[in-house]
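Dear colleague,

I am handing over the structure that we spoke about, and below it you will find an account of what was found in it. Please read the account with the structure open beside you.

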Amino acid sequence: MASKIFGAVVLGPPGSGKGTISQRLAQSFGLQHLSSGDFLRENMAADTEAGVLAKKCIEKGHLVPDHVITRLMLTRLESMTRHSWVLDGFPRTLAQANALNSSCKVDLVVSLNIPFETLKERLSTRWIHPASGRMYNMEFNPPHVEGVDDITGEPLIQHEDDKPEAVVARLRHYRDIAKPVIDLYKKKGILHSVSGTETDKIWPYIYSLMSTKIPPLHPNERQSAPRCSREQ
């Protein structure tokens, strides 16, 4: 663990593997993995004020408003006074990034650059367990039983925006809203872009990069990827 609070952000389009990379960073460097998707699901399940609002937006096919996501994430971050962290899925927009920068110090931002065709393929074959957010890809990490979650045995679904006809528009939308965020962190001098088509192949570079900032928990494991969840 680092002697001071260290804050990292992993940026990437849908299907880029940012959830997997964030979990590996958390496991290898003792960071707290903070996922905006997980927090949204927790709040929707608990019927909190933010959760109810988020659920209404999602049911209507709308994006959850910036102020809802920002409040959820910053409330959690403000409670973490002694633990370093890595953010997954936040910030997505410039408004969210500015709110984060006003409240917390971000030390490192990793931006995942995955080829468009790779993202389309991953998203078009992605299925999800809605209650937990666990993701499966029918090409490279399918469930043990087709259409069924490995842990609960409950049915998997494919989001409407993961279907082939919606993927292209979704990726273009991400590109448009992400550019100002990427530019912001580039100007701050803390942005590191990583390109590739496979998470396991870009992981060693990200591990080495992070190792220059804070010490890993188990230095001898640098070339081995920790066991963790599906591509996100």
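For sorting residues by class, Ala, Val, Leu, Ile, Met, Phe, Trp, Tyr, Cys and Pro count as nonpolar, Asp, Glu, Lys and Arg as charged, and the others, Gly among them, as polar. This is a predicted model, in which local features need pLDDT of at least 70 and side-chain atom pairs count only at pLDDT 80 or more, while totals for chains, interfaces and linings use all residues. Residues are numbered from 1 along each chain as its sequence is written, and side-chain values use heavy atoms, with hydrogens and water left out.

Let me begin with the sheet. Helices (H or I, at least four residues) and strands (E, at least two) are DSSP runs, numbered from the N terminus, and two strands pair if DSSP finds at least two bridges between them. Five strands form an open sheet in the order 2-3-1-4-7, and their pairing is parallel. Strand 2 (32-35) and strand 7 (191-195) stand at the edges with a single partner strand each, so one side of each is left without a neighbour in the sheet. From one strand to the next, the twist averages 20°; angles here run from 0 to 180 degrees between N-to-C directions, and axes are lines fitted to C-alpha atoms, for helices over the stretch in contact. Strand 1 (residues 7-11) pairs with strand 3 (residues 85-88) in the parallel sense over 4 bridges, and Gly7 stands opposite Trp85 in strand 3. Helix 1 (residues 18-29) packs on the sheet, where it touches strand 1, strand 2, strand 3 and strand 4 (108-113), and its direction makes about 175° with that of strand 3; contact means heavy atoms within 4.5 Å.

The axes of helix 2 (residues 36-45) and helix 3 (residues 49-59) come within 7 Å and cross at roughly 105°. Helix 2 and helix 3 are therefore roughly perpendicular to each other, given that angles under 35 degrees count as roughly parallel, over 145 as roughly antiparallel, 65 to 115 as roughly perpendicular and the rest as oblique. Leu40, Asn43 and Met44 of helix 2 make the contact with Gly51, Ala54, Lys55 and Ile58 of helix 3. In the loop between helix 2 and helix 3 lies Asp47, whose phi is near 55°, a positive value in a residue other than glycine.

On a 1 Å grid over the protein atoms alone, a cavity is a set of points where a 1.4 Å probe fits but cannot get out, whereas a pocket is an open set with protein on both sides within 12 Å along at least five of seven lines, and lining residues have an atom within 4 Å of a point. Grid points are joined across faces, edges and corners, and a volume is the space filled by probe spheres set on the points.

By this rule there are 2 cavities of 30 Å³ or more, and the largest cavity has a volume of about 90 Å³. It is lined by 13 residues, of which Leu11, Gly12, Pro91, Arg92 and Tyr174 are the closest to its centre. The lining of the largest cavity divides into 9 nonpolar, 2 polar and 2 charged residues, and its largest share, 4 residues, comes from helix 7. Pro91 lies in the loop between strand 3 and helix 5 (94-103), and a cis peptide bond, with omega about 0°, joins Phe90 and Pro91.

With best wishes
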